[in-house]
Amino acid sequence: MGANIVSPSLLSAYLAVVCLVCTLKEGYALGRTPTVESHTVQVSSLLPSSICTSATKALDKKSSLQVVHKHGPCSQLYQDKANIPTHAQILLQDEARVKSIRSKLAKDLGRSTNLDQTDATSLPAKDGSVVGAGNYVVTVGLGTPKKDLTLIFDTGSDITWTQCQPCARSCYKQQDPIFNPSLSSTYSNISCTSPTCSSLTSATGNTPGCASTACVYGIQYGDQSFSVGIFAKDKLTLTPTDVFDDFLFGCGQNNQGLFGRAAGLIGLGRDKLSLTSQTAAKYNKFFSYCLPSSSSSIGFLSFGNGGVSKSVEFTTFSTISQSSSFYGINIIGISVGGQKLPISASVFTAGGAIIDSGTVITRLPPTAYSALRSEFRKLMSQYPMAQPVSILDTCYDFSNFSSVNVPVINFTFSGSIEVQLDASGVLYVNSISQVCLAFAGNSNDTDLGIFGNTQQKTLQVVYDGAGGKLGFATGGCT
């Protein structure tokens with residue numbers, strides 16, 4: 001047979017491919033790997049300062065409140081350092097919250113029990129609405145003349161409440177003076193025969209009670225904290241130009257729990273009694289926030305669509321069919337170090353997911369978490385591992401390093417919206433010798449996933465309730 005004749009151009013292309021293969025083989029032989037996208041983190045920056053270090057430009061907007069971590073130096077609650085929980089305690093409370101969210105979403109939600117009909121001080125049923133308190137606080141005004149109150153804000157709760165004099169049964173210690181309704185000229189009780197009183201069932205998971213003629217609310221959280229009292233209305237002052245008459249809230253007469261000396265809670269959920277719904281005529285259920293990178297810096301909570309970043313990208317809310325309170329999201333993929341993980345989208349849809357301002361650690365289906373952990377550990381193999389911390393099983397000892405390279409983690413949401421997490425959203429720092437991957441796996445792929453507040457740090461997170469969509473923009477706090 002005659003020799004095959006190869007054209008010079010084909011031969012040139014073939015040799016180029018061979019050379020490329022040689023180069024790649026040589027690179028792998030020398031220990032080189034394809035470029036990994038990473039954050040370079042100064043180890044000294046991992047521990048928060050004991051001084052409040054930054055302000056936020058977002059507060060130039062008229063409908064914005066400062067957001068601070070309730071246990072950080074930017075919070076007036078920080079003065080009581082004796083009551084600051086350990087990281088192990090925070091993560092234990094986080095587990096309780098996650099379980100309580102699943103409980104609220106469970107199909108057997110209809111088991112709530114009537115509150116005691118004789119007074120305003122009965123503990124609500126243990127299997128009622130249980131969500132739990134968040135980590136971030138804002139200060140608002142209540143009453144006429146207004147009294148400033150520092151309240152936890154929580155997208156996973158609906159009813160807003162504060163402790164009230166005379167604390168008929170019990171009040172825990174709070175930093176602000178306890179609100180006294182008798183000193184407010186605009187305060188009034190809600191009647192227990194009104195339709196407004198009946199609407200508490202969906203907002204709290206407990207059937208309201210009656211004390212004399214006053215409506216009695218009761219809500220219990222995942223860590224067994226609770227508030228019971230009179231359902232009432234009064235003037236709410238968010239900012240000097242954003243004032244709402246007849247705002248419905250709980251005036252707590254029996255309150256116990258781990259609220260970190262905050263005066264109560266603002267509910268930003270989707271129920272008609274949430275602050276979001278009660279202010280819809282002005283803001284159209286539109287709000288955004290940025291959680292600061294550390295407990296020693298400041299973020300914001302803004303109402304209305306002013307000041308939203310031009311770079312924000314939106315994904316649609318998913319339908320969490322069992323409950324109208326939560327904000328459902330569709331996670332469709334995760335990448336680590338610039339490489340998409342081989343996770344089927346069906347893994348994320350099996351249990352669905354929500355975004356929650358009060359859950360600390362993002363919970364993933366075990367199949368997804370296993371892939372994330374495996375790739376993260378592979379890319380962090382140059383650092384010595386440390387003992388786990390509670391639910392966090394991938395921890396490192398950085399005590400002999402001045403800086404570390406941490407793989408970039410991106411989440412992809414429906415609509416192909418890709419969101420890069422800040423370095424502060426990847427790591428949870430117990431100590432410099434115990435810095436952990438800030439994710440945890442659920443027990444089953446069918447368990448509800450939760451996109452938690454550690455992963456939301458420094459993002460501007462935009463809730464368009466009327467438009468049914470959620471937006472993200474990086475660099476949100478500045």
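What is the handedness of the link between Cys52 and Cys74? In this predicted model, the link of Cys52 and Cys74 is right-handed, with 100° about the S-S bond. The two cysteines are joined by a disulfide with an S to S distance of 2.0 Å, and the structure holds seven disulfides. The Cys52–Cys74 pair links distant parts of the chain, with Cys52 in the loop between β1 (38–42) and β2 (64–69) and Cys74 in the loop between β2 and α2 (87–105), 22 residues apart. Cys52 has a relative accessibility of 33% and therefore counts as partly exposed, whereas Cys74, with a relative accessible area of 17%, is buried.

A disulfide also joins Cys192 to Cys210, with an S to S distance of 1.8 Å. This pair likewise links distant parts of the chain, since Cys192 is located in the loop between β6 (188–189) and α3 (195–198) and Cys210 in strand β7 (residues 209–211), 18 residues apart. Cys210 has a relative accessible area of 16% and is buried.

Cys290 and Cys477 form a disulfide in which the sulfur atoms are 2.0 Å apart, and the link of these two residues is left-handed, with -100° about the S-S bond. Because Cys290 lies in strand β12 (residues 286–290) and Cys477 in the segment after β30 (469–473), the pair ties together parts that are 187 residues apart in sequence. Both ends of this link are enclosed by the accessibility criterion of under 20%: Cys290 counts as buried at 0% relative accessibility, and Cys477 counts as buried at 11%.

Charged side chains provide a further set of contacts, and the count of salt bridges comes to eight. In one of them, the side chains of Arg363 and Asp94 meet at 2.9 Å, N to O. Arg363 lies in strand β19 (residues 362–364) and Asp94 in helix α2, so this pair ties together parts that are 269 residues apart in sequence. Arg363 is buried, its relative accessible area being 2%, and Asp94 also counts as buried, at 2% relative accessibility.

The side chain of Arg363 also meets that of Glu95 in a salt bridge, at 2.6 Å, N to O. This pair again links distant parts of the chain, Glu95 in helix α2 and Arg363 in strand β19, which are 268 residues apart. Glu95, with a relative accessible area of 24%, is partly exposed. A salt bridge is formed as well by the side chains of Asp356 and Arg97, at 2.8 Å, N to O. Here Asp356 is found in the loop between β18 (353–355) and β19, and Arg97 in helix α2, so that the linked parts of the chain are distant, at 259 residues apart. Asp356 and Arg97 are both buried. Through shared partners, salt bridges join Asp94, Glu95 and Arg363 into one network.

Helix α8 was examined for its length and its buried face. With 14 residues (366–379) at 1.5 Å a residue, α8 should span 20 Å, and this agrees with its end C-alpha atoms, which are 20 Å apart. The buried residues in α8 are Ala368, Tyr369, Leu372, Glu375, Phe376 and Leu379. Seen down the axis of α8, the buried residues fall within an arc of 140°, and they therefore line one face of the helix.

How values were computed
Residues numbered from 1 in each chain as written. Predicted model: local features only at pLDDT ≥ 70, side-chain atom pairs only at ≥ 80, totals over all residues. Heavy atoms only, no water. Helix = DSSP H or I, 4+ residues; strand = E, 2+ residues; numbered from the N terminus. Expected span 1.5 Å × (residues − 1). Buried < 20%, exposed > 50% of the residue type's maximum accessible area, 1.4 Å probe, protein only. Arc of directions from axis to C-beta. Disulfide = S-S within 2.5 Å. Salt bridge = Lys/Arg side-chain N within 4 Å of Asp/Glu carboxyl O.
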